[in-house]
Amino acid sequence: LAPCTKQEPVIPGCFLRAKAIGLMPMIDQGEKDDKIIAVCADDPEYRHYTDIKEFPPHRLAEIRRFFEDYKKNENKDVAVDEILPATKAYEAIQGSMNLYADYIVENLRR
């Protein structure tokens with residue numbers, strides 16, 4: 001795990017301690033493609049956030065706009081729903097972990 005400080009660049013492939021604070025439901029070309037919104041747990045500017053409702057509204061608008069715009073650049077249709085609280089993010093994470101565990105168990109049976 002690499003420590004994260006204010007506005008430090010993140011190198012692709014590195015590990016950071018993160019804290020989920022929200023879930024952004026998305027539909028990408030007709031398929032569910034939810035995004036977990038998380039903050040770096042070691043960043044003094046963001047580590048105090050525990051839920052998306054505490055996040056500055058302009059930052060949420062920037063996040064939403066990023067996902068809408070980068071998909072448009074790929075000529076893909078995307079729909080971004082209302083951003084949901086941290087509890088929904090943790091439910092999604094647990095659901096993904098359960099699916100992965102089921103996948104591993106199923107492959108071990110083969």
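Predicted model: local features only at pLDDT ≥ 70, side-chain atom pairs only at ≥ 80, totals over all residues.
Student: Which element gives the most residues to the largest nonpolar core?

Tutor: The largest nonpolar core has 14 residues, and Ile 21, Met 24, Ile 37, Ile 52, Phe 55, Ile 63 and Ile 83 have the most contacts inside it. Strand S1 (18-24), strand S4 (35-40) and helix H1 (57-73) each supply at least two residues of this core. The element that gives the most, with three residues, is H1.

Student: Which residues does Met 24 touch, not counting those up to four places away in sequence?

Tutor: Met 24 is among the core residues with the most contacts inside the core. With residues up to four places away in sequence set aside, Met 24 touches Asp 34, Lys 35, Ile 37, Ile 63, Arg 64, Phe 67, Val 80 and Ile 83.

Student: What is the order of the strands in the open sheet, and which strands stand at the edges?

Tutor: The open sheet has three strands with antiparallel pairing, in the order S4-S1-S6. A strand at the edge has a single partner strand, so one side of it is left without a neighbour in the sheet. The strands in that position are S4 and S6 (84-85).

Student: Which residue of S6 is the bridge partner of Leu 23?

Tutor: S1 and S6 run antiparallel and are joined by two bridges. The partner of Leu 23 in S6 is Leu 84.

Student: At what angle to S1 does H2 run?

Tutor: Helix H2 covers residues 86-108. This helix lies across S1, S4 and S6, and its angle to S1 is about 100 degrees.

Student: Is Asp 28 buried or exposed, and what is it in contact with beyond its neighbours within four places in sequence?

Tutor: Asp 28 lies in strand S2 (residues 26-28). Buried means under 20% relative accessible area. Asp 28 has 12% relative accessibility and therefore counts as buried. Leaving aside neighbours within four places in sequence, its contacts are Asp 33, Lys 71, Lys 76, Asp 77 and Val 78.

Student: Which residue in the loop between S2 and S3 is of interest for its phi, and what is that value?

Tutor: The loop between S2 and strand S3 (31-32) contains Gln 29. Gln 29 is a residue other than glycine, yet its phi is positive, near 50 degrees.

Student: How is the aromatic pair of Tyr 46 and Phe 55 described?

Tutor: A pair of aromatic rings is described by the distance of the centres and the angle of the planes. The structure holds four such pairs. For Tyr 46 and Phe 55 the values are 6.0 Å centre to centre and 40 degrees between the planes, and the pair is tilted.

Student: Why is the pair of Tyr 49 and Phe 55 edge-to-face?

Tutor: Planes over 60 degrees apart count as edge-to-face. The ring centres of Tyr 49 and Phe 55 are 4.9 Å apart and their planes stand at 70 degrees, so the pair is edge-to-face.

Student: Which residues form one aromatic cluster, and are they buried or exposed?

Tutor: The cluster consists of Tyr 46, Tyr 49 and Phe 55. Tyr 46 is buried, with a relative accessible area of 15%, and Phe 55 has 8% relative accessibility. Tyr 49, like Phe 55, is buried.

Conventions:
Residues numbered from 1 in each chain as written. Heavy atoms only, no water. Core = buried A, V, L, I, M, F, W, Y, C linked by side-chain atoms within 4.5 Å. Buried < 20%, exposed > 50% of the residue type's maximum accessible area, 1.4 Å probe, protein only. Helix = DSSP H or I, 4+ residues; strand = E, 2+ residues; numbered from the N terminus. Contact = heavy atoms within 4.5 Å. Pairing = 2+ DSSP bridges. Axes fitted to C-alpha atoms, helices over the stretch in contact; angles between N-to-C directions. Phe/Tyr/Trp six-rings, centres within 6.5 Å; stacked < 30°, edge-to-face > 60°.
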